[in-house]
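Colleague: I have a new model open and would like to learn how to read its packing. Could you walk me through it?

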Amino acid sequence: MAGNSGAAPRGSGYRERNSTADRALDILGMFTEERAVVSGAEVAEQLGTSRSTAYRYLQSLVTNRFLEEAPAGGFRLGLRVLELARVARRAFGLSDVAMPVMQRLAAQARESVLLTRRSGDLVVCLDRAESVAHSVRISYERGSVLPLNAGASALALLAWEEPATLRDLLGRAQLSSFTPNTVTDVDALVKRLEKIRRAGYSVTRGELDNEVLGVAAPIRDESGGVVAALSVAAIAARVPASRQPGIVAAVRAAAGEISERLITVAG
């Protein structure tokens, strides 16, 4: 980042997002699951700069290993991003603690198991474990961002929030509808979350995806606060009503075990 030899003009500064660091972050933010490679022309258009300026930013990111040139042309994320992702996951500590339990639950339930946490008004999938029992699997990948108001994980993460905090959060969030079963009314959501809190777990059918059943339970830290959620996500047609209580019991037991492991690690 360029230095500043004198006082900044009135009204200017880093908040105007015109620094080299801001441009680099804008470039990194262009990458998504659907866009794994970006071209210099796309970067120039995104930044509103000439191609020569865009390539200068790109080359800086390549030099520092945040990007690398893709074999077929353009640029893709580099090894430094993968290194930082590993550091971030270990900083949470949760995935390492939870994974052995998640793998056992996936084998027991014969379905996909997800570990999620809330980040503001979104839910992030931290990790997943798969069963080998089915060829058709649920496609919630690590790092996927899920909505706040739909899906068993989101509801399990919200249910233990303080009522005032909950209403404020839901009031500010964009509550999107994904299927006819998605709940978007704040009052209806609050009432439902009260029931989930009393039950100790959440169950959803066809609320985020028409075909998916979700069962989730909270993971708690040493203070008793909810820090994450553990869930089973399954093709709903594979889970008749007679099988659901067993999955609920298994998810709750696994979430409790992960909570105990977290407390042990923290102690």
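Modeller: Let's begin with contact, which means heavy atoms within 4.5 Å. This is a predicted model, where local features need pLDDT of at least 70, side-chain atom pairs count only at pLDDT 80 or more, and totals for chains, interfaces and linings use all residues. Residues are numbered from 1 along each chain as its sequence is written, and side-chain values use heavy atoms, leaving out hydrogens and water.

Colleague: Which residues is Ile-219 in contact with, leaving aside neighbours within four places in sequence?

Modeller: Among them are Leu-115, Leu-230, Ala-255, Ile-258 and Leu-262.

Colleague: How should I read a nonpolar core?

Modeller: In soluble globular proteins, nonpolar side chains tend to be buried together. A core here is a set of buried (under 20% relative accessible area, 1.4 Å probe, protein chains only) Ala, Val, Leu, Ile, Met, Phe, Trp, Tyr and Cys residues joined through side-chain atoms within 4.5 Å. The largest one has 31 residues, and Ile-219 is one of those touching the most other members, as are Met-102 and Leu-105. Helix H5 gives the largest share, nine residues. A separate core of 21 residues includes Leu-146 and Ala-156.

Colleague: Is Ser-153 buried or exposed?

Modeller: Ser-153 is buried, with a relative accessible area of 6%. This residue sits in helix H6 (residues 152-158), helices being DSSP runs of H or I with at least four residues, numbered from the N terminus. Ser-153 touches Thr-116, Ala-216, Ala-229 and Ser-231, not counting residues up to four places away in sequence.

Definitions and conventions. Helices (H or I, at least four residues) and strands (E, at least two) are DSSP runs, numbered from the N terminus. Buried means under 20% relative accessible area, exposed over 50%, partly exposed in between (1.4 Å probe, protein chains only).
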